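Let's walk through this protein together, one part at a time. Keep the picture open while you read.

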Amino acid sequence: MNNPQRPSILRTSMDDVQRIAMIHQGIPTELPNHPGLDLSLDHAPVRKQVLSLNEEKLAIENALRYFPEIHHNILGPEFLEELRTYGRIYMFRFRPDCVIRALPIDQYQANSLQAAGIMLMIDNNLDPLVAQFPNELITYGGNGAVFQNWAQYLLVMNYLSKMTEEQTLVIYSGHPLGLFPSDKNAPRVVVTNGMMIPNYSTVDHYERLNAMGVTQYGQMTAGSYMYIGPQGIVHGTTITLMNAARMKFGVPVNGDLGGLCFVTSGLGGMSGAQAKAAVIAGVSCIVAESNAIAARKRHSQGWVEQISEDVDEAIDLMLESAKNKVGTSIGYIGNIVELWERLVERDVMVHLGSDQTSLHNPYQGGYYPANLSFDESQVMMHTEPDKFALEVKSTLKRHVSAVNSMVEKGMFFWDYGNAFLLEAGRAEADIFDNDGNYKYPSYVEDIMGPLCFDRGFGPFRWVCSSGLAEDLRMTDKIAFETLTQLYQSTSDEDVKQQIRDNIKWIDEAESHNLVVGSQARILYADERGRNAIATRFNEAIADGRISGPVILGRDHHDVSGTDSPYRETANIRDGSKWTADMAVQNFVGDAIRGATWVSLHNGGGVGWGEVMNGGFGMVIDGSMDSKRRLQSMLHWDVNNGVARRAWARNAGAISSIKEAMEDNKSLNVTLPNSVNRDLLEDLFKGD
Ligand SMILES: NC(=O)c1ccc[n+]([C@@H]2O[C@H](COP(=O)([O-])OP(=O)(O)OC[C@H]3O[C@@H](n4cnc5c(N)ncnc54)[C@H](O)[C@@H]3O)[C@@H](O)[C@H]2O)c1
């Protein structure tokens, strides 16, 4: 469980044993001492004041309902001060004054092993090594919340520690509604985040309701307790870079990317993965980051190799490494727009370009304008929000203009799932072509969608609940052997290429030191791969090769879990990309097939109201019951999306679902008939 990146001296008043005792007790009956803010950590930006006086009263009344009346005279003024200082009520007084981190599963006091697995994953999402703003319960993406306040953390952990396997904990946007009787086969926890009546799902409604304490933005794996640090996206980014280079610059399937330059932005929660992925893929890369603390954190963790505050120095380092054909990552502390503009001025050839600022949240700290310092932005976004929004928009225009110049020189640019195109369009930047379409693709449209999601390949992940590195090593070995066998028995060349990339990935994974927090791993696999790997993990737990339960899960950024027209479902072209049936069906289908917990979120990745996404977690313990549940649920969890993609006439998905029907005769999917193009055109000849 020891993590080399964890500082050895931490000034806290509580150790792990005391924290476990505290969460077992739930909200304390006596008021604890206020621990203050941990000033060694990064903190969420102050949110703008959005509530009227009456709404502020409601927010205080809502917050106080977690506590007996006897404490209201102290907590009332304290919460009002938090609301007016930070724009939200986090209930800092109830933050356990210790380092929250995932403990080995047997250290949690719980009646249910499944519930203990969920406690471990919640703690991991709040670990300061993992989370972006741990004191504000934000895991990543600027506003991806695990809970809205510390009372919810304590209550949820308390419920989990006492629940039985015949109860289900219901969580509404961080708030535990309670334990309800259910049965052994039901999920232990059902989470929903940000569910709204559709006509009220605007960003303004979110800001107000979040400030009132009745909804939250769960992002993807923040509010569903399945975040594993930037490793989760390292792999996806590596695959995206390799496939982009193969498609656009003729790099052979087994070739390396030495000599190519890649420029992007963001060294935050997920975006921090880009630097690591670039080095694994072998490109020379600069990642711009406005927030010096975030950049230095990634540097000290070894995720970015070099760091510079000088734009020309950063460019020179990139060019030197490209000349030597040795991949490197340089973190440039500064604004991405200044970097792009300097690259244009110096006429530098960049091959691959993208962006991972948090544009899903452009006006509340997700995107920093070029004319202001980082600190000035932090102030202006809540003191003069309208002026700040204008600064964001004018920076976005400059951003797109510089990118357009680079693309004219031959760069391939893609939207990396952060709402870049959407917000650039809203800012009236020069982002549309003559037909009114975006000039640039979303990376899912021509890379990830057809190559991966249509074929069922997506981000399968697991966590070794013992916390032991040897268990993770054993799971890597099992996954490697399973994929190697699948590769040998597969004839489809496209599928083989995906498996080949993942064999290489898992073979090298340990050497890349990807673990931050829990002992977790990710790879891309299709349904056959996920099912085979998980079944073998279960066997290895049973025979003792793995010393404890394994927690299975995935990113929501996957084949079936997410309906997002600018991202996961960007390559659905039958008009249904504006619907969300797939994500909702996935959540329900996983729940009835044996998931330990399921979640459904509004927003995530590209922003509130723009996407519906869901995920699951499953604790497997080596039993026959675990085998039954994992095989049933994983089959659905992938094939739901492959079937929908096939119905949308995506060729790869049609092949994959036909093979799935061959494998399992109980699967019987409705397939589309093709329509003769001439007949269709003839029908409209006169119009
Ligand atoms: N493609 C994917 O698979 C994928 C996966 C996860 C997240 N995302 C999306 O990517 C975005 C980033 O996610 P994250 O978790 O890293 O968020 P984050 O907020 O932790 O990190 C974004 C970083 O960008 C920096 N930044 C903002 N404006 C900048 C500017 N103008 N110049 C330089 N740096 C700037 C911020 O300081 C921040 O550190 C989000 O919109 C998220 O939804 C995409």
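## Around leucine 552

Leucine 552 is in contact with Trp462, Ala534, Met618, Ile620 and Leu630, once its neighbours within four places in sequence are left aside. Here, two residues are in contact if their C-beta atoms, placed from the backbone, lie within 7 Å. This is a predicted model, where local features need pLDDT of at least 70 and side-chain atom pairs count only at pLDDT 80 or more, while totals for chains, interfaces and linings use all residues. Residues are numbered from 1 along each chain as its sequence is written.

You can find leucine 552 in strand S14 (residues 550-554). Helices (H or I, at least four residues) and strands (E, at least two) are DSSP runs, numbered from the N terminus. Is leucine 552 buried or exposed? Leucine 552 counts as buried because it has 29 C-beta neighbours inside 10 Å. The cut-offs are 20 or more other C-beta atoms within 10 Å for buried, 12 or fewer for exposed, and partly exposed in between, with C-beta atoms placed from the backbone.

## Three domains

The protein is divided into domain 1 (14-211), domain 2 (231-441) and domain 3 (449-677), with bounds from an automatic or database domain assignment. Between domain 1 and domain 3, the C-alpha centres lie 29 Å apart.

How many residues of domain 1 are in contact with domain 3? There are 29, and they meet 26 residues of domain 3. Helix H4 (113-126) gives the largest share of the domain 1 side, seven residues. By class, that side has 17 nonpolar, nine polar and three charged residues. Ala, Val, Leu, Ile, Met, Phe, Trp, Tyr, Cys and Pro count as nonpolar, Asp, Glu, Lys and Arg as charged, and the others, Gly among them, as polar.

## The ligand

Of the 33 residues around the ligand, Gly268, Gly269, Ser271, Gly417 and Asn418 come nearest; a residue is near if its C-beta atom, placed from the backbone, lies within 6 Å. Helix H7 (231-249) and strand S7 (284-289) are the elements that give two or more residues to this shell.

The shell has 11 nonpolar, 21 polar and one charged residues. Why does the ligand lie between domain 1 and domain 2? Both domains give residues to the shell, so the ligand lies between them.

## H7 meets H16

In H7, Thr240, Asn243 and Ala244 meet Tyr443, Ile447, Met448 and Leu451 of H16. By class, this contact has five nonpolar, two polar and no charged residues.
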